[in-house]
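Please keep the sequence and the structure in view while reading.

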Amino acid sequence: MEQYINNAVEQFRAVLTEQIARQQKMENDSGAIDYNALDKIIIGVCGGDGIGPIISAESEKLLRFLLEDEVKNGKVEIKTIEGLTIENRIEKNQAIPDDVLAQIKSCHVILKGPTTTPQAGDPWPNIESANVMMRKKLDLFANVRPVKVPEQGINWTIFRENTEGEYVLGSRGVSLPGIAVDFKVTTDLGTRRIARAAFEYAKNNGKNRVSIVTKANIMKKTDGKFTAICHEVADAYPGITADDWYIDIMTANLVNPEIRNQFQVFVLPNLYGDIITDEAAQIQGGVGTAGSANIGDRYAMFEAIHGSAPRMIEEGIGAYANPTSILKAAVMLLRHICYSDAAEKLDSALAKCACVVTGDTSGATCEAFTDELLQLL
């Protein structure tokens with residue numbers, strides 16, 4: 001047993017050394033990119049797995065329509081990126097194959113379809129999530145998801161820390177006979193930048209409340225640090241109230257009609273943000289109704305938040321996939337690169353579109369849905 005302990009200590013030492021180096025790299029970051037100052041903005045469209053290529057192709061069609069003039073005059077380039085399929089990732093034994101990552105890094109922003117992560121019982125060997133790897137490689141520290149249900153007074157924007165917490169070290173835990181230990185990491189700089197992103201958003205969008213959600217009463221070192229630093233950041237925003245909630249009661253608050261319409265902006269560590277964003281999307285109408293932004297200083301990735309639906313492909317009904325989630329992500333992408341007018345046009349068309357996609361042959365196809373959007377546009 002002593003040897004197991006020594007091996008675990010060495011593994012933990014390696015994890016700490018890596019995370020300290022990551023924090024030092026954050027200290028040297030040059031700051032956020034100014035899209036208005038770029039001669040050309042490069043958008044990559046990455047299909048992913050399952051229904052991903054289907055819904056991504058229709059999204060690319062709409063982006064090319066909305067940005068037709070910008071593409072013609074060279075202000076925008078739209079690139080199709082292949083190779084993020086589960087088959088290629090398994091063949092290369094990489095969460096993101098090196099050549100695909102190079103293509104992704106040649107872009108400023110990515111519109112990404114869903115990707116498959118192997119699970120127990122799947123026919124695939126175990127490789128890391130492409131999403132998690134992309135967030136690491138591109139340092140996409142802020143996962144941002146808006147949720148709106150106007151008739152219920154719900155207008156939430158959720159800022160989930162994307163590069164720390166449990167997920168960043170999810171495959172780096174240790175196993176000893178009869179015991180397993182996973183690691184969670186929270187850095188000062190990582191927390192400060194997600195908190196600042198949430199409070200800046202609140203300030204710039206007329207919000208006066210940011211809710212900090214943790215389990216700091218139990219996870220005193222990591223979540224305690226997250227809460228304390230969020231309040232330090234809040235001090236620089238005197239017009240905005242920062243309040244604290246525990247993740248368990250917040251999951252209840254979101255389904256409580258007497259209180260949920262009082263919330264505006266949330267900031268959370270990685271795992272809790274994953275829980276809350278899916279719950280919030282379900283309240284809005286399901287995970288297929290929400291888009292997601294993953295934002296860093298140099299890169300940004302926008303994606304559908306649902307899975308790759310391999311069942312639909314196996315049953316031959318992939319053409320009936322609902323593209324709403326990735327189109328909501330496209331709206332966020334357009335806003336991020338400062339094409340707000342195009343974003344508003346697409347958002348408005350989505351709200352007016354009467355074409356119904358049900359995910360099976362009882363509804364319209366993905367192509368029919370986007371064709372109606374094109375008519376509205």
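On a 1 Å grid over the protein atoms alone, a cavity is a set of points where a 1.4 Å probe fits but cannot get out, and lining residues have an atom within 4 Å of a point. Grid points are joined across faces, edges and corners, and a volume is the space filled by probe spheres set on the points. The structure is a predicted model, in which local features need pLDDT of at least 70 and side-chain atom pairs count only at pLDDT 80 or more, while totals for chains, interfaces and linings use all residues. Residues are numbered from 1 along each chain as its sequence is written, and side-chain values use heavy atoms, with hydrogens and water left out.

By the cavity rule, two cavities of 30 Å³ or more are counted. Helices (H or I, at least four residues) and strands (E, at least two) are DSSP runs, numbered from the N terminus. Helix 6 (residues 130-137) gives the largest share of this lining, three residues. For the classes, Ala, Val, Leu, Ile, Met, Phe, Trp, Tyr, Cys and Pro count as nonpolar, Asp, Glu, Lys and Arg as charged, and the others, Gly among them, as polar. The lining of the second largest cavity accordingly divides into three nonpolar, three polar and two charged residues.

The largest cavity has a volume of about 60 Å³. Among the residues that line the largest cavity are Glu-161, Lys-184, Phe-226 and Pro-269, and Asn-270 is also part of that lining. By class, the largest cavity is lined by three nonpolar, four polar and three charged residues.

Open spaces are treated separately: a pocket is an open set of grid points with protein on both sides within 12 Å along at least five of seven lines. The second largest pocket holds about 830 Å³ of space. Of the 32 residues in its lining, Thr-115, Thr-116, Thr-117, Gly-307 and Ser-308 lie nearest its centre. Two or more lining residues each come from helix 4 (86-92), helix 6, helix 10 (270-284), strand 12 (300-304) and helix 11 (310-314). By class, the lining of the second largest pocket has 10 nonpolar, 11 polar and 11 charged residues.

The strands come next. Two strands pair if DSSP finds at least two bridges between them. Strand 1 (residues 41-46) pairs with strand 2 (residues 76-81) in the parallel sense over six bridges, and Gly-44 stands opposite Lys-79 of strand 2. Strand 1 also runs parallel to strand 3 (residues 109-112), to which four bridges join it; here Val-45 stands opposite Leu-111.

How many residues of strand 1 are buried? Buried means under 20% relative accessible area, exposed over 50%, and partly exposed in between (1.4 Å probe, protein chains only). Six of the six residues of strand 1 are buried. In a regular strand the side chains alternate between the two faces of the sheet. In strand 1, Ile-41, Ile-43 and Val-45 point one way and Ile-42, Gly-44 and Cys-46 the other way.

The chain passes from strand 8 through helix 8 (residues 222-234) to strand 9 in a right-handed β-α-β crossover. A crossover is right-handed if, with the strands pointing away from the viewer, the path from the first strand over the helix to the second runs clockwise. Ser-211 has Asp-243 of strand 9 as its bridge partner.

Pro-323, in the loop between helix 11 and helix 12 (324-336), counts as buried because its relative accessibility is 0%. Cys-338 lies in the loop between helix 12 and helix 13 (340-352). Although Cys-338 is not a glycine, its phi is positive, about 75°, and with a relative accessible area of 36% Cys-338 is partly exposed. Asp-139, in the loop between helix 6 and strand 4 (142-149), likewise has a positive phi, about 50°, without being a glycine.

Finally, the whole protein chain contains 14 helices and 12 strands. Its radius of gyration is 21 Å, close to the 21 Å that the globule rule gives for 377 residues, so the chain is as compact as a globular protein of that length. The radius of gyration is taken over C-alpha atoms, and the globule rule is 2.2 Å times the number of residues to the power 0.38. Buried residues make up 50% of the 377 residues.
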